[in-house]
Amino acid sequence: MAAPAIEFSDVTKTYQRRFAGVRVPALSGVSFEVARGEVCAFLGPNGAGKTTSMSILMGFIYADQGRSSVFGYVPGDVRAKERIGFLPENFAFYRYLTAEKLLQFHLRLSGRRLANPGALIADLLAKVRLDGYAGLKIGKYSRGMVQRLGIAQALLGNPELLVLDEPTSGLDPAGRKEVRDLILALKAEGKTIFLSSHILSEVEQICDRVIIIDRGHLVRAGGLQEMLAEGNRVEIVVDQLPESLELAVKEWGALVDRKGKRVRISADTSQKRALAEMLWAGGCDIVSLTPMKNSLEETFLKLVAKGGAE
Amino acid sequence: MKVRTIALSTFGSFLRNKVIILFCSLFVCIVLLMMSPLLAYKSMTGAANAQQMQGFVLNEVAMVMSMVSGFGSLLAAWAAADSVAGEMKSGTILAVMARPLRRWQFLAGKYLGVLMLMAVYVIAMLGVTFLLAWLGGQRFHTSLWVLLVYPLVRYAIWAAISMLLVTSLHPVFVMGIVIVLATLIQIFGSVSHTLRWVRLPVHLVLPLTNLLSEERFLTITRASLKPYPWTNHLTALAYGLDYSLVCFLLAVVVFQRRSLSRD
């Protein structure tokens, strides 16, 4: 069986300030997996340990304990890095180079020998809408342009796994949409994408799985849909609701919303059967009964708040 | 290929580095200042000036050579420290090291980039020395390779020491340590035999850059090479290269273990 794209097993990392003698725990026994072909969001508040985890994953820093691997290789192994495209948070660059020269530099470092590297670079720059600025020095780029260039360099070696730390940071709404569409296109190509973001509405649109960490601890890892469907309420839509029945429904603690022709009743999941039978017996036609989904933001805040309280 | 890419990129960044440009401008100014009295002497064509002129030229050449040596050592140490620390500070190292590149390859590329800069420096400064001698009507009867290779090996040692130190220290501390080391070498390279018991252990640890001074082989008064056997050159250069290699390998070991994050 092929190894998962990313594997973290009981990873612990503590930063130490050399002279102050201060120890700052960044990760405490974090374990998770990202399967091949998945688009996985790595979420957490600031200082949760996301960048530390990504740095361990890329082999930039070493974990104190635990085991981690990328495609079955130790992080930092050249064989693993050959298959990764990485966008660091606040992508830094050689300001004196042009976009074209920077990509040529990274292409040479990737060790790929192409018959026509210029065409690949032009194609990548067009993909991130920088084709008109290929000859401009990067020092003159705006924050958003730099970020898009960072995405282009991450895509350079046609990687199987993309590790993107805040890919839409610094982009305007149009730019964010473009990056979102790009990620969706890469997902369709079967790439594995591991990204961190604070824009949860975007994550909701593009990700299959979500991993949430807080203060260095894993809070939750699971499928996005399954996580969103975890709300403990259901929505029952009926064609009409007599007033006598409405009072009875409200006594059960359900909420009634009369908008338009139909009536929406939201109630606790545990009451759905009894409520449905009561409505049916009262002569109401049940149009639908669906579990109510939370937004990712609600779920995230709930989980993080819970973790903080604990 | 990857090492060469890093080396060329490092060399390219040095050519755009403001500190280096400032350094070179300062040096050009000093040379121009040194040239003006030389030209003034030259314009006085009296026979009485001939000996005075020769003495003056030889003094100037000696001064330039010691300046080149001192500045060069500092430049090599600073360039090596800055080339690694600069990448760490700006965070450019993250995108570079995300490529299929081993840490030793990165460091080797940086080191070669520094040596390329120092090679240009040595050639340029050699040109200046020859120019001053020519203006003063003197000629060097020396083998060029000694004047090129010896300083380069000396700078390779300083660059390797600096690279070793910068893998775990701030560049300012690195420069401080390099200056202290250079001073110690000067002191222990010239003290009398009464301090031999201190000298011996220090000689084992500190690089004997005096041994790698091209001035050892140069009789300034006659501006020609002293006849040294080739084995002497070989052992001196092998010592320098070996010292550089040890420092560089230690730097690789330390760099392999350190965190690569924005400092």
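Analyst: Domain bounds here come from an automatic or database domain assignment. The model is predicted. On that basis, chain A splits into domain 1, residues 6-228, and domain 2, residues 233-291. Taken over C-alpha atoms, the centres of domain 1 of chain A and domain 2 of chain A are 46 Å apart.

Now the sheet. Four strands of chain A form an open sheet. Their order is S11-S12-S10-S13, and the pairing is antiparallel. Strand S11 (255-259) and strand S13 (286-291) of chain A are the edge strands. Each of these two pairs on one side only. On average, neighbouring strands of this sheet are turned by 20 degrees against each other, with direction ignored.

Look at one pairing in detail. S11(A) and strand S12 (residues 262-268) of chain A run antiparallel, and five bridges join them. One residue pair can be named: Asp257(A) has Arg264(A) in S12(A) as its bridge partner.

Next, a residue from another element. Glu226(A) lies in helix H8 (residues 224-228) of chain A. Glu226(A) has 10 C-beta neighbours inside 10 Å, so Glu226(A) is exposed. Along the chain, Glu226(A) and Lys293(A) are 67 residues apart.

Key
Residues numbered from 1 in each chain as written. Chains lettered and ligands numbered in written order. Predicted model: local features only at pLDDT ≥ 70, side-chain atom pairs only at ≥ 80, totals over all residues. Pairing = 2+ DSSP bridges. Axes fitted to C-alpha atoms, helices over the stretch in contact; angles between N-to-C directions. Buried ≥ 20, exposed ≤ 12 C-beta atoms within 10 Å, placed from the backbone.
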